Amino acid sequence: WWRITAQRIIVERGDTSVAPALRRLFVSSTSDITRLHALWTLDGIGRADRATVVAALGDTSSAVRAAAIRIAEPLLASDAALQTAVLQLVSDRDPAVRRQLAATVGELPVTQRDDALYDIVMHHGDDPVVADVVVSALAGRELGFLARLLAVAQPDKVSPVMLSLTRSVVASRNAVNVERIVSLATEKSRVRWQRVALLDGLRRPAGTQGGFVIRLAARPATLITAAASPDSVIRVRATSAAELLTWPGKRAAAAPVKPFTPAEKLRYAAGQKQYAATCAGCHQLRGTGLAGVAKPLVGSQWVLGDPARLIRIVQNGKEGTMLMPPVGAALTNDQVAAVLTYVRRSWGNSASAVDAATVHEVRGLITGRTKPWTEEELLKARR
């Protein structure tokens, strides 16, 4: 408490007079925590100089190295030598360091970014968090990067990234790009592991329903052929991928979505802004989730099911393989209704809107609840 409070007060005061003492503390301390706090305090008062950052990049503590990478971001575009020092950590085996590096590379100029991202993939592409973070830095350039990965002979490092790239293209709902993915995934001459990885990205994630229905300009003959393949793995994935797509002449698989009323449209628009501010950091702007952090909202049974269950999750959180923290206490009934209306009708989700009266009612029923919900409790919940 003393250490954290001292750091806060120094930063709040902007007390730059202590910078020399902080630098000495960083250099002399044998405590990882002390060096980490000294480094972040220097950054907080705007005195994390280049020499200290470079020294921190070579620190024995992985937490300090990861912090140094993050603190270096504002200098990377104009300091080639520092950029080189940061990228030298590409072979670092610590998860915190490699994941921060993948995120920081997204701050490089586009002309340098993709080569650095490719190098990261070749070292750590089998880390699903790295895979998702790399893809987040490639918005609009997924297909070009994918072409580079398709030239790699071994699947172990690149398959998770190919999966994330393909899902990102599908999430964009750009029919031309999706058709290109379909074409690549169904080339009979393509090696099997690449076809499987691409088809995995095209299909709906396991355990989800609805979402990402994309209209193609023409019937995807090669995908339909793949759906009848004697290879059961290819056949199952191609069949699942076809469920996400529609095309001229394809029989409708679901009832038409009930259009929003004018009031619900306004609520949806407000929810889009609320989602970007509150939820997108974990669940991502396209609702695809982030490996190891947050599950996808696209096709989620909790998103598309009874809104009373979803309100409970937002209010108190949810236990499971990835904990959903409680966020409802910071939101009004109107804000909760808006953000839930948005996620239930975005990215191909087609559930009904949620109103503030329903949120108010459910919150009243669970007053006094302080712990996250289990799935069993949620399934038993009745309004």
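**Note on the predicted model**

1. A241 is buried, at 1% relative accessibility; buried means under 20% relative accessible area, exposed over 50% and partly exposed in between, with a 1.4 Å probe and protein chains only. A241 lies in helix 15 (residues 232-243). Helices are DSSP runs of H or I with at least four residues, strands are runs of E with at least two, and both are numbered from the N terminus. Leaving aside residues up to four places away in sequence, A241 touches L202, R203 and L223, where contact means heavy atoms within 4.5 Å. From A241 to T222 there are 19 residues in sequence and 12 Å in space, C-alpha to C-alpha.

2. This is a predicted model, in which local features need pLDDT of at least 70 and side-chain atom pairs count only at pLDDT 80 or more, while totals for chains, interfaces and linings use all residues. Residues are numbered from 1 along each chain as its sequence is written, and side-chain values use heavy atoms, with hydrogens and water left out.

3. On the chain as a whole: the secondary structure consists of 22 helices and two strands. Along the principal axes, the C-alpha atoms fill a box of roughly 70 × 60 × 35 Å. Of the 383 residues in the protein chain, 45% are buried. Among contacts with a separation of 6 or more, 69% come from residues 24 or more positions apart.

4. The largest nonpolar core has 73 residues, and V134, F145, L202 and L245 touch the most other members. Such a core is a set of buried Ala, Val, Leu, Ile, Met, Phe, Trp, Tyr and Cys residues joined through side-chain atoms within 4.5 Å. Helix 5 supplies the largest share of this core, eight residues. L245 touches V178, V182, I214, L216, L223 and K250, again not counting residues up to four places away in sequence. A second, separate core of 21 residues includes C279, I311, V339 and V343.

5. Helix 5 (residues 62-76) and helix 6 (residues 80-87) have axes that come within 9 Å and cross at roughly 150°. Helix 5 is therefore roughly antiparallel to helix 6; angles over 145 degrees count as roughly antiparallel, under 35 as roughly parallel, 65 to 115 as roughly perpendicular and the rest as oblique. Axes are lines fitted to C-alpha atoms, for helices over the stretch in contact, and angles run from 0 to 180 degrees between N-to-C directions. The crossing is left-handed, that is, the near helix is turned anticlockwise from the far one by less than a right angle. I69, A72, L75 and L76 in helix 5 meet L82, Q83 and V86 in helix 6. By class, this contact has six nonpolar, one polar and no charged residues; Ala, Val, Leu, Ile, Met, Phe, Trp, Tyr, Cys and Pro count as nonpolar, Asp, Glu, Lys and Arg as charged, and the others, Gly among them, as polar.

6. P74 also belongs to helix 5. P74 is exposed, with a relative accessible area of 68%. P74 and L108 are 34 residues apart in sequence, with their C-alpha atoms 9.6 Å apart in space.

7. Helix 11 (residues 159-172) packs with helix 12 (residues 175-185) at an angle of about 145°, the axes being 8 Å apart. Helix 11 passes helix 12 in a left-handed crossing. T166, V169 and V170 in helix 11 meet N177, V178 and I181 in helix 12. The contact has four nonpolar, two polar and no charged residues.
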